[in-house]
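Dear colleague,

I am passing on the structure that we discussed, with some notes on what was found in it. Please look through it first and then read on.

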Amino acid sequence: GESERDPSVVQPKRTFRPGFPVGRIFRGRLRDKGSGLRTEGAGFQDGDTHIVLVVTAEGKAGKLYVQEEGEVDVKITESGVQNKRYVASLEGGGRLYSGSFDGSLEFFRGTIAVEGKEVASFALQQDLWQPIARGKTPLVGRQKP
């Protein structure tokens with residue numbers, strides 16, 4: 001609980017921003033034969049495929065890791081704001097991932113097309129986890145109040 005946290009260690013504030021800066025990691029799922037994940041607020045289900053996107057070149061390229069399929073190089077195309085949403089697409093491995101950031105900017109959601117036909121939906125959540133700063137060690141065990 002809170003009493004086990006070192007008060008001198010300040011956790012970084014989670015600030016979500018649209019776009020694909022170098023080093024940004026997105027973790028999420030894709031759902032074959034369904035469009036449910038493209039809807040804002042939709043949750044993951046058992047059976048959804050795990051995916052991870054690591055941006056390797058500022059808004060231009062990345063590596064997409066798909067559960068049981070492996071690694072795919074993707075080209076990132078950012079289209080900017082359309083209908084009050086930041087729109088982008090990822091292309092690679094014979095698939096086109098087209099989507100936008102939701103209202104909170106935490107998730108990038110959309111549909112997956114193969115040869116122009118929608119075959120799945122996806123939701124990728126920005127992973128803003130940061131390690132504890134060097135020299136700061138977390139408390140181990142319980143402390144007396």
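A residue is called buried here when its relative accessible area is under 20%, exposed when the value is over 50%, and partly exposed in between, with a 1.4 Å probe and protein chains only. This is a predicted model, in which local features need pLDDT of at least 70 and side-chain atom pairs count only at pLDDT 80 or more, while totals for chains, interfaces and linings use all residues. Residues are numbered from 1 along each chain as its sequence is written, and side-chain values use heavy atoms, with hydrogens and water left out.

To begin with the overall fold, the chain has zero helices and eight strands, where helices (H or I, at least four residues) and strands (E, at least two) are DSSP runs numbered from the N terminus. The eight strands close into a barrel in the order β1-β2-β3-β4-β5-β6-β7-β8, with antiparallel pairing; two strands pair if DSSP finds at least two bridges between them. Neighbouring strands of this sheet are turned by 30° against each other on average, direction ignored, the axes being lines fitted to C-alpha atoms. As one example of the pairing, β5 and β6 run antiparallel over six bridges, and V87 stands opposite S100 in β6.

For the chain as a whole, 32% of the 145 residues count as buried. The chain exposes about 9500 Å², of which carbon and sulfur atoms supply 49%, with areas from the Shrake-Rupley method and a 1.4 Å probe. Of the contacts (heavy atoms within 4.5 Å) with a separation of 6 or more, 44% are between residues 24 or more positions apart.

Turning to the interior, a nonpolar core is a set of buried Ala, Val, Leu, Ile, Met, Phe, Trp, Tyr and Cys residues joined through side-chain atoms within 4.5 Å. The largest such core has 19 residues, and F20, L53, L90, Y97, F108, F122 and L124 touch the most other members. Two or more residues come from each of β1 (25-32), β2 (49-57), β3 (61-66), β4 (70-82), β5 (85-92), β6 (95-101), β7 (107-114) and β8 (117-127). If residues up to four places away in sequence are not counted, L90 touches L53, V74, K75, I76, R95, L96, Y97, F108 and L124. I76, in strand β4, is buried at 4% relative accessibility, and its C-alpha atom is separated by 9.0 Å from that of E58, 18 residues apart along the chain.

What does the side chain of S121 reach at 3.1 Å? S121 belongs to strand β8 and is buried, with a relative accessible area of 0%. Its side chain reaches the backbone nitrogen of L37 at 3.1 Å, and a polar atom of that side chain lies 2.9 Å from the backbone oxygen of G34. Leaving out residues up to four places away in sequence, S121 touches several residues, among them R29, R31, G36, G110 and I112.

Finally, two loop residues may deserve a look. Most residues other than glycine have a negative phi. E68, in the loop between β3 and β4, has a positive phi near 65° and is exposed, with a relative accessible area of 77%. L105, in the loop between β6 and β7, has a positive phi near 70°, and at 24% relative accessibility L105 counts as partly exposed.

With best wishes

Definitions and conventions
A polar contact is a pair of N or O atoms within 3.5 Å; within protein, one must be able to donate a hydrogen and the other to accept it, and residues adjacent in sequence count only if both atoms are side-chain atoms. Axes are lines fitted to C-alpha atoms, for helices over the stretch in contact, and angles run from 0 to 180 degrees between N-to-C directions.
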